[in-house]
Amino acid sequence: TDFPKASEMLSTNVTGAFLWEHLGEAVSPDALSEILAAEYDIDMEMAKLDTTTFLTNLKNVGAVADIKL
């Protein structure tokens with residue numbers, strides 16, 4: 001696996017920053033979506049979309065290992 005170089009940085013929005021901070025608390029993408037929905041008072045459909053997009057971006061840059069989405 002090619003990991004990002006130390007000089008590379010991943011840019012994200014407020015939602016992405018929130019999800020990043022809570023990655024260790026959630027045991028699944030659905031659990032992470034529930035945390036997001038509760039924090040921002042959004043429906044689960046939107047929370048799942050945001051979470052899936054964020055996790056897919058992390059996978060694409062090699063910032064996380066395999067995640068079942």
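**Figure 1. Overall organisation of the predicted chain.** The secondary structure of the protein chain comprises 3 helices and 0 strands, where helices (H or I, at least four residues) and strands (E, at least two) are DSSP runs numbered from the N terminus. Read from the N terminus, the elements follow the order α-α-α. The model is predicted: local features need pLDDT of at least 70, side-chain atom pairs count only at pLDDT 80 or more, and totals for chains, interfaces and linings use all residues. Residues are numbered from 1 along each chain as its sequence is written, and side-chain values use heavy atoms, with hydrogens and water left out. The mean pLDDT (the predictor's confidence in each residue, from 0 to 100) of the protein chain is 83, and 83% of its residues reach 70 or more. Of the 69 residues, 25% count as buried; buried means under 20% relative accessible area, exposed over 50%, and partly exposed in between (1.4 Å probe, protein chains only). Among contacts (heavy atoms within 4.5 Å) between residues at least 6 apart in sequence, 36% join residues at least 24 apart.

**Figure 2. The largest nonpolar core.** A nonpolar core is a set of buried Ala, Val, Leu, Ile, Met, Phe, Trp, Tyr and Cys residues joined through side-chain atoms within 4.5 Å. The largest one holds 11 residues in all: Phe18, Leu19, Ala26, Ala31, Leu32, Leu36, Ala37, Ala47, Phe54, Leu55 and Leu58. H1, H2 and H3 are the elements that give two or more residues to this core. In soluble globular proteins, nonpolar side chains tend to be buried together.

**Figure 3. Helix H2 and serine 33.** The 12 residues of H2 should span 16 Å at 1.5 Å a residue, and the end C-alpha atoms are 16 Å apart, in agreement; the expected span of a helix is 1.5 Å times one less than its number of residues. Buried positions in H2 are Pro29, Ala31, Leu32, Ser33, Leu36 and Ala37. These buried residues pack against helix H1 (14–21) and H3. Serine 33, located in helix H2, counts as buried because its relative accessibility is 2%. Leaving out residues up to four places away in sequence, serine 33 touches Met44, Ala47, Lys48 and Thr51.

Figure 4. A search of the whole structure finds 1 salt bridge, defined as a side-chain nitrogen of Lys or Arg within 4 Å of a carboxyl oxygen of Asp or Glu. Aspartate 30 is paired with lysine 48, and their closest N and O atoms are 3.8 Å apart. Aspartate 30 lies in helix H2 (residues 29–40) and lysine 48 in helix H3 (residues 44–60), so the pair ties together parts that are 18 residues apart in sequence. Aspartate 30 is partly exposed, at 41% relative accessibility, and lysine 48 is also partly exposed, at 37%. Side chains of opposite charge can pair when their charged atoms come close.

Figure 5. Aspartate 41 belongs to the loop between H2 and H3. Its phi is near 50°, a positive value in a residue other than glycine. With a relative accessible area of 71%, aspartate 41 is exposed.

Figure 6. H3 has 17 residues and reaches 24 Å from its first C-alpha to its last, close to the 24 Å expected at 1.5 Å a residue. Ala47, Thr51, Phe54, Leu55 and Leu58 are buried in H3. They cover an arc of only 95° around the axis, which puts them on the same side of H3; the arc is that of the directions from the helix axis to the C-beta atoms. H1 and H2 are included in what covers the buried residues of H3. Glu45, Leu49 and Asn60 are exposed residues on the face of H3 turned away from its buried side.

Figure 7. Lysine 59 is placed in helix H3 and is partly exposed, at 34% relative accessibility. Not counting residues up to four places away in sequence, lysine 59 touches Val64, Ala65 and Ile67. Threonine 12 is found in the segment before H1 and is partly exposed, at 43% relative accessibility. Apart from neighbours within four places in sequence, threonine 12 is in contact with Ala17 and Phe54. Threonine 12 and phenylalanine 54 are 42 residues apart in sequence, with a C-alpha to C-alpha separation of 8.6 Å in space.
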